[in-house]
Each structure stands twice: as structure tokens, then as C-alpha cells.
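Subject: Structure for your review

Dear colleague,

Please find below the structure that I am handing over to you. My findings follow it.

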Amino acid sequence: MFLASPEKLRSFGIIGMNQRNAGLISRYNPRHLFPLVDNKLKTKLLAQKAGITVPQLLGTLHYQHDVKSLKELLRPHDQFVIKPVKGSGGKGILVIVRNDHNLYFKPSGDALQLADIERHVSNILSGLHSLGGKPDSVMIESLIQLDPVFSDYSYQGIPDIRIIVFLGYPIMAMLRLTTHASDGKANLHQGAVGVGIDIGTGRALHAVQFGRTVLHHPDTRKTFSDLVIPHWDKLLQLAAACYDMTGLGYLGADLVLDRDQGPMIIELNARPGLAIQVANYAGLAPRVAIIETLKSIDPSPVSRAEFSKQQFCVQTGPQPPRTLHTRSSDNAA
Amino acid sequence: MHSKLKLYVLVALIMALGIGLIAYKHFALGFPLLPDDKKSVWTIEAKIDFVARGDPVIVSFALPAETPTTVIMEEDFASSDYGFTELSTAAGRRAQWSKRAASGHQTVYYRVSEYETDPLAAPPPAADLPTEPEKPEFDEVMKTAATTLLDQVRSKSANTEIFTRELITSLNSDTPSQTQNLLLNEKPSEDYKTHLIINLLALEGISARIVRGLYLEDGRRRQSLTNFVEVYIGNRWLLFNQNTGKIGKPDDFLIWQRGDESLLDVVGGKNSQISFSIIKNVHPTRTLVLRDSMNKEAGIIDFSIYSLPIEQQNAFKMILLLPIGALIVVIMRLLIGIRTSGTFMPILIALALIQTTLLTGIVIFLTVVGTGLLIRSYLSQLNLLFVARISAVIIVVIAIMASISILSNKLGLDQAMTVTFFPMIILSWTIERMSVLWEEDGPREVFVQGGGSLLTAIIAYLFMTNRTVEYLTFNFPELMLVNLALILILGQYTGYRLSELYRFHSLERRNVSGKP
């Protein structure tokens with residue numbers, strides 16, 4: 001069968017697009033808070049104020065005439081990332097891993113001239129990658145160094161960890177691994193591998209590429225079964241803290257592990273997608289329901305992360321899973 | 001939950017208002033629900049001939065009455081040199097032509113166009129109550145014959161209706177008895193027969209009156225009126241055919257005059273004659289009803305799109321189709337889950353398709369967008385700024401469209417000429433979006449979103465060009481309210497989209513095999 005039965009999906013607690021838009025985003029994410037996460041520069045400043053580690057900001061460009069200063073700005077840096085401030089879905093991100101005799105090298109080994117980079121910056125400034133084509137700004141960040149734990153699991157890129165944070169509680173996590181098919185980008189649409197991660201342990205649960213189950217990384221052939229993400233507690237706490245930072249109830253936090261600086265936040269998303277359910281082979285609805293039934297939200301991100309670890313642990317749960325009352329059964333009643 | 005209830009109340013109100021207005025227009029004003037609904041309009045010309053004697057002339061002529069089932073569209077009293085007035089008398093409308101002095105052969109015309117409608121409700125009890133029938137004066141012989149016949153008929157009938165019918169049939173019997181022959185004379189005239197029936201009924205204490213009318217048949221000339229008998233039974237007037245006894249008004253029969261008033265009076269003339277000729281025309285019901293409603297100044301019509309100049313009405317014809325397109329887009333995106341580039345781009349493409357017809361439109365769309373994408377990819381190498389680039393694309397699009405037009409003209413294909421109507425900005429923007437999509441998400445996403453947009457546009461096009469849909473949206477703008485209510489309901493839908501059943505279908509298998 002190519003189609004799943006809606007009753008079955010509902011009984012597994014899978015949330016669909018319509019329900020995500022109506023039940024989660026428009027309900028828990030006040031519109032006026034969106035700019036905090038849609039504007040990556042604002043997010044970064046906010047995170048720095050809250051004491052959360054973020055990639056170092058090397059420079060920003062706001063106007064077309066700033067492009068002339070690009071050469072000076074880039075001179076001291078061997079490696080850097082150019083991003084649109086209001087880009088979405090990883091669009092318009094240019095990663096340079098080596099700078100050699102006025103040639104700039106992408107992770108794939110392709111060489112770019114300074115003029116190519118200037119054109120890319122102009123495109124970003126004129127709004128090519130921003131939502132609705134509005135004029136945009138450019139930010140240049142330090143390059144994240146691949147943590148050796150992932151070196152067997154990534155191809156020409158940095159894997160990131162998407163954690164869904166609901167009312168401050170991390171409820172589901174996924175590791176996104178770059179592949180040859182995804183052109184070194186951690187974008188599931190383009191063929192990155194999504195690995196569901198157990199909130200309780202940081203262990204890999206199950207992996208998918210293009211919506212199909214995979215058992216090992218397509219490029220490195222490394223199996224996922226023994227993949228455990230280090231610094232898992234810290235990652236959960238960082239993600240949980242994003243709620244206090246932004247006030248968004250349904251939030252996707254994108255984190256990375258830097259070889260030198262450890263866990264850091266690279267991006268926040270007010271409209272996180274639903275592919276995470278496929279990667280985890282589990283629905284979001286039961287977990288959302290558990291948090292919704294809580295009487296009060298713990299003010300401490302650390303204890304919220306701890307609660308989630310206890311509650312959503314899949315493999316060695318200290319307590320048997322509770323019988324759940326999901327929102328969809330709420331609606332059916 | 002509270003806000004949800006409010007929404008449902010709102011939806012119910014909007015829906016009820018929309019459907020109510022549609023029902024009112026359909027049932028009360030007679031707007032047909034289908035575009036092909038047609039009605040026969042009869043144009044009847046009465047020609048009155050007489051010879052004037054040189055004195056003042058007054059011609060008085062009974063006119064047909066407008067009833068709930070008969071709508072008079074137009075009347076014309078064309079007669080040169082005659083003064084004309086229309087009089088309302090207790091017995092109905094009369095036309096009066098007059099002249100100080102006339103001599104020789106004279107003709108006056110009366111022309112009327114009318115059509116029949118279905119009455120909304122059962123006719124109310126007759127307002128024109130009959131007077132107590134006067135006992136007719138028969139001589140002894142006749143009186144005996146009448147009593148005999150009435151006794152016979154009475155013994156065979158159970159109520160007034162059957163009594164009347166029996167009386168008429170026995171008078172029209174092929175093998176008349178002596179009594180019948182005596183009553184009818186030799187070869188009785190129509191008028192004599194009518195009055196005989198009325199008199200016999202009066203003898204029985206039943207009120208009846210004469211009705212004159214015209215059988216409507218296309219292309220007939222020199223017709224005269226036919227007599228019917230109308231009998232007052234149980235608070236209603238019932239029409240009887242005096243030659244067959246059949247009850248009820250025949251189809252295509254216009255009642256011209258009721259009661260015993262004269263049909264035509266000519267003062268100052270002689271040898272007056274009247275003849276009718278009949279022509280049938282077929283008109284769309286909508287046109288007739290609209291005209292009638294306008295005349296009656298029905299508020300809902302008077303303050304509607306129809307009161308606008310024709311040019312603007314045509315614009316609205318198009319605009320009123322947009323909500324249908326919007327509904328299709330909502331269904332395709334929320335229920336089916338098709339991805340389109342831009343939320344309402346498909347509607348704009350559908351509008352463009354309407355201008356060009358489907359197949360030509362698709363071919364042109366694909367050609368222009370395809371060529372545009374190629375050129376756009378070249379432009380992107382030129383290191384241009386975004387606004388300059390999209391402007392350049394617009395110019396290129398115009399050039400492509402011009403070449404298609406010229407080429408098709410040289411090849412003798414008229415159809416492709418309509419390309420000029422294709423909204424250029426839409427095409428340029430489509431090209432720009434698609435090429436960005438191509439760079440960012442690869443060609444697959446371009447085909448998914450481009451195909452999704454085109455598919456949605458084609459479905460919207462098929463609905464928007466459907467004759468019935470077009471007719472209904474323009475003639476019942478209230479449909480917009482129904483449409484709005486539907487969209488509000490769809491906006492509440494939080495279930496799965498069809499595409500998600502596919503997207504998550506692998507999950508189903510896994511869960512069946514026993515994992516959490």
C-alpha cells in the first residue's frame with residue numbers, strides 16, 4: 001500500500017501539516033516573536049545575551065556598497081560561512097573551508113573567485129534567499145569544526161542536531177547527516193540522512209534517507225547502531241533554554257557539536273517540519289499531550305531537560321510508558 | 001472550544017444567508033439555476049378593423065390582465081392619428097383609442113409580449129367573488145327541456161365539479177337527445193353555447209362566467225378568441241372547456257378577458273372586426289426574469305451587479321470566478337497537499353488559461369517558462385542585482401511572447417496570438433521563482449512545485465470555464481458567501497493531507513510489526 005490509513009496514523013500520534021499549523025504554530029507561537037528567529041542576527045545576539053554558545057560572528061554586510069569591503073573583511077580568515085540573515089531552510093549558505101592565493105574553496109573542492117563570492121553576497125542583499133524576496137543582510141560566521149565523533153557519519157559537511165522544544169521541554173530529536181546526495185548540506189529534502197535520537201540517552205534509534213529506512217551512512221557505509229551523541233545533556237539543556245530566550249512554544253532548535261567549543265546553537269526555527277517523526281518512527285502528538293497536561297512549566301531549563309529525559313526515554317525507560325491522552329483524541333471526543 | 005463554537009455559528013450564519021438569498025432569487029424572482037433554461041415569449045398582435053362614418057370615433061378594447069402566472073413584457077398601441085388612453089375598470093384593463101373625425105376603413109393595432117411563469121405558491125382563494133346567479137328567463141318549452149336535462153345530469157353527478165363537466169359533455173354529445181337539440185337550436189354559435197351553459201348552471205344555483213382566451217401557436221394569423229366557462233366551486237374559479245368539459249387551463253393558452261363585458265366596442269364605426277396573429281420567440285429565462293425584476297425594482301436586483309454598466313458587469317464575470325479558484329487552491333493544498341509555487345499563483349495561471357484556451361495556454365506557458373529559465377540561467381552568470389535581473393526577465397518574456405505571436409501568425413495559427421493577454425508579470429515572476437528553486441533545491445523541486453501549480457491551475461481552469469459554474473457565480477453572487485463558509489470550514493481541518501498518508505506510510509508498516 002502506498003497510502004497509510006488515517007486512523008492508524010492518528011493512533012500513532014503522527015501530526016500532519018494542517019494540525020501543526022493550527023494546533024501548534026498558531027497556538028503556541030505568537031506572530032510577533034517570529035522575527036526573533038527569522039532574523040539570525042537577532043537570534044545570535046539574543047543567545048549571546050543568554051550565555052548560550054553560538055558560532056563567532058566575523059562580520060555583517062547590510063548594503064550593496066559594503067560588498068567592496070568584503071575582501072578586507074575576509075582577509076584574516078581562512079575558513080568562514082556566509083549566510084543570509086533572513087534565509088530559510090538553509091538557503092543561500094556558502095561554506096568556505098580554505099583560502100589560498102585569492103581562491104576560495106568549498107567543502108566539495110570547487111574553487112571560487114572573490115567575484116563569485118561578491119555575487120553571492122549581492123544576491124543575498126537583494127533578497128534572493130529571504131522570505132518574500134525582501135532585502136536582506138549578510139552575516140559571516142566562523143566555520144564550525146567537525147567533531148571527530150561524526151567524522152565517520154558525514155560527507156563534506158557538518159551534521160546538525162534538530163531538537164523540537166515544546167513549551168520549553170525537548171520532546172524529540174533528530175541528527176541530520178550530510179551526504180553526497182545532499183551536496184554536503186544537512187537538508188533532508190536534498191538527501192541528507194535523518195537519524196532519530198533517543199531523548200533519554202542520545203542514542204541513534206533509526207535512520208531515513210528520502211523517507212526510506214537506511215541502516216548505514218550511504219557514503220561512509222558506517223552503521224548507525226552504535227552512534228551515541230556526546231554532550232547529550234548539555235545539548236538538551238541548550239535547546240530547552242531557547243524557550244526562555246524566545247518565548248516560542250513550538251520551536252525547532254538546530255545545534256551542532258564543535259570540536260573545540262562543544263555544543264552550540266546555530267539556528268532556531270519557528271516552523272519546524274514534520275520529517276522528524278519519520279526519522280524517529282514516532283508521532284509528536286503523545287509527547288505534546290504529556291507536556292500540555294503539565295500544570296506548570298518548570299522555570300529551570302536544566303530540570304526541564306531532565307524531565308524530558310525521564311519521560312521520553314525510548315530504550316531503557318526507568319518507568320513504563322504512561323497511557324497517553326492525545327490531542328487528536330481530544331478533538332475526536 | 002469557545003472560539004470554535006463562535007466560528008461555527010458564523011459559518012452557519014454566512015451559509016444560511018447565502019443559501020437563503022439564492023433560494024429567494026430562484027423561487028421568488030424565478031432566476032433559473034441552469035444557464036440553458038429557456039422560455040417561450042409570445043408576441044400577440046390584435047388587429048382591429050372597422051369602417052368609420054365620419055363622426056368622432058371611440059374604440060374600446062379589453063386587454064389581458066397580468067396574473068401571477070402571466071408576465072407581460074411589453075405592450076404597444078400603435079395607431080397613427082389616434083389618441084390613446086389605458087383605463088382600469090372593475091372588469092379589467094381596457095384600451096381606448098379615440099379620434100375627432102374619421103372616415104373610411106380604419107385599423108388600430110395592439111401588440112403584447114408575454115410569457116408564463118410557475119407561480120411560487122398555490123393561488124390564493126379567488127378575490128373576485130361571484131354575485132348570486134340571476135335566474136335566467138326561459139320560455140315554457142325551454143324551461144321544461146332545461147329542467148329535464150339538469151335532472152338527468154344531477155342524477156349522474158356527486159358534486160358541482162362533476163355536475164358541470166357532465167352538463168358540458170351531454171350538451172356536446174354526438175348523439176344529442178331531443179331535449180339537447182331543443183336547447184342548442186341548429187348549429188349554435190360559440191357565444192350561444194357559452195351563455196346556455198352559464199344559464200343552465202344559474203338555474204341550478206351555480207355561479208359561472210364567460211372567459212375568452214387565445215390558443216398560442218407559433219406563426220398563426222387571423223385567429224379569434226375561444227370561449228371557456230369558469231365556474232365558482234369551493235372558493236375557487238375553475239376553468240372548463242365548453243366543448244369537451246375538460247377542467248383547467250390548457251397549456252399555451254392566454255386568458256384575454258373574464259366576464260361578460262364586451263371585448264370590443266366601436267362608437268362611430270361599423271363592421272368592426274378583430275383578428276389575432278401570434279409569433280413565438282425563445283429567450284433565456286434569466287434575461288426575462290432580470291428584466292422583470294428590474295421593472296419591479298426588486299431590492300436585491302436593484303442594488304446588485306446588474307445595475308452596473310455592461311462593461312463593468314463583464315469585468316465582474318471574471319472577478320466572481322476568482323473565489324472558485326481560491327476554493328480549489330484551498331482544497332488542493334489543505335486536503336490533497338499539493339505543493340504550489342506561490343499560494344495563489346495557480347489562480348492567476350488559470351485566469352491566463354481562460355484567455356488562451358487550455359491546450360494553447362499550457363503549450364505557451366511551458367514554452368515561455370522553459371525558454372525564460374534558460375535565459376535566466378544565463379543572466380545569473382552576468383552577476384546582476386536581483387531587481388535588475390527580474391526586470392530583464394520581464395523584457396525577455398515580452399520578446400518571447402512577441403516572437404510566438406509573430407511566428408504563429410506566419411504559420412496561420414490564430415490561437416497562439418492570444419498569448420498577448422498572458423499576464424507578463426506572472427510569467428516573469430514564475431520564471432524567477434522557478435530558477436531560484438532550481439538553484440536552491442534542485443530540478444526535482446522545480447518539477448514538483450511547477451507541476452503542482454500547473455495541475456491546480458488546470459483544475460481551477462476546468463471549474464472556472466464550466467458554463468454552469470460561470471452562470472451561477474455571475475447570476476448568484478451570493479454563492480460567494482457559501483464559498484466563504486466552505487473555506488472557513490476547510491480552514492478548521494487539522495486532519496492529514498492526502499500526500500501525508502503517502503509521506504508517513506512507512507511509519508504504518510513499522511508500527512504494525514510491533515515497535516512502539
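Is the crossing of α9(B) and α15(B) left-handed or right-handed? The crossing of these two helices is left-handed. Before I set out the details, please note that this is a predicted model.

**The helices packed against α9(B)**

Two packed helices are described by the angle between their axes and the distance between the axes. For α9(B) and helix α15 (residues 479–490) of chain B, the angle is about 15° and the axes are 10 Å apart. Angles under 35 degrees count as roughly parallel, so α9(B) is roughly parallel to α15(B). On the α9(B) side, the contact is made by P323(B), A326(B), L327(B), V330(B), I331(B) and L334(B). On the α15(B) side, the residues are M480(B), N483(B), L486(B), I487(B) and L490(B). Sorted by class, the contact of α9(B) with α15(B) has ten nonpolar residues, one polar residue and no charged residues.

Helix α9 (residues 322–336) of chain B also meets helix α10 (residues 345–356) of chain B; their axes come within 9 Å and cross at roughly 135°. An angle of that value makes α9(B) oblique to α10(B). The crossing of α9(B) and α10(B) is right-handed. From α9(B), the residues in this contact are L322(B), G325(B), A326(B) and V329(B), and from α10(B) they are P346(B), I347(B) and A350(B). Of the residues in the contact of α9(B) with α10(B), six are nonpolar, one is polar and none is charged. You will find A326(B) named in the contact with α15(B) and again in the contact with α10(B).

**A residue of helix α1 in chain B**

V11(B) belongs to helix α1 (residues 2–28) of chain B. Which residues does V11(B) touch, not counting residues up to four places away in sequence? With that exclusion, V11(B) touches A485(B), L488(B) and I489(B). V11(B) has 18 other C-beta atoms within 10 Å, and it therefore counts as partly exposed; a buried residue would need 20 or more. V11(B) and E500(B) are 489 residues apart in sequence, and their C-alpha atoms are 27 Å apart in space.

**The two chains as a whole**

Chain A contains eleven helices and 14 strands, and chain B contains 17 helices and twelve strands. The C-alpha trace of chain A spans about 65 × 45 × 40 Å along its principal axes. For chain B, the C-alpha atoms fill a box of roughly 115 × 70 × 45 Å, also taken along the principal axes.

A compact globule of 516 residues would have a value near 24 Å, but chain B has 36 Å.

Buried residues make up 47% of the 333 residues in chain A, while 28% of the 516 residues of chain B count as buried. Among contacts with a separation of 6 or more, residues 24 or more positions apart account for 65% in chain A and 77% in chain B.

**Where chain A touches chain B**

The contact between the chains takes 31 residues from chain A and 28 residues from chain B. On the side of chain A, the elements that give two or more residues are α1 (6–11), α2 (17–28), α6 (114–125) and β12 (212–214). Which of them gives the largest share? That element is α2(A), with five residues. By class, the side of chain A that touches chain B has 15 nonpolar, twelve polar and four charged residues.

**Two positive phi values in chain A**

Most residues other than glycine have a negative phi. Q156(A), which is not a glycine, has a positive phi near 55°. Q156(A) lies in the loop between β7 (138–142) and β8 (160–166) of chain A and is partly exposed, with 18 other C-beta atoms within 10 Å. L167(A) is also not a glycine, and its phi is positive at about 50°. L167(A) is found in the loop between β8 and β9 (169–177) of chain A. With 17 C-beta neighbours inside 10 Å, L167(A) likewise counts as partly exposed.

Yours sincerely

Note on methods: Residues are numbered from 1 along each chain as its sequence is written. Chains are lettered from A and ligands numbered from 1 in the order in which they are written. This is a predicted model: local features need pLDDT of at least 70, side-chain atom pairs count only at pLDDT 80 or more; totals for chains, interfaces and linings use all residues. Helices (H or I, at least four residues) and strands (E, at least two) are DSSP runs, numbered from the N terminus. A residue is buried if 20 or more other C-beta atoms lie within 10 Å of its own, exposed if 12 or fewer, and partly exposed in between; C-beta atoms are placed from the backbone. Two residues are in contact if their C-beta atoms, placed from the backbone, lie within 7 Å. Axes are lines fitted to C-alpha atoms, for helices over the stretch in contact, and angles run from 0 to 180 degrees between N-to-C directions. Angles under 35 degrees count as roughly parallel, over 145 as roughly antiparallel, 65 to 115 as roughly perpendicular and the rest as oblique. A crossing is left-handed if the near helix is turned anticlockwise from the far one by less than a right angle, and right-handed if clockwise. Ala, Val, Leu, Ile, Met, Phe, Trp, Tyr, Cys and Pro count as nonpolar, Asp, Glu, Lys and Arg as charged, and the others, Gly among them, as polar. The radius of gyration is taken over C-alpha atoms; the globule rule is 2.2 Å times the number of residues to the power 0.38.
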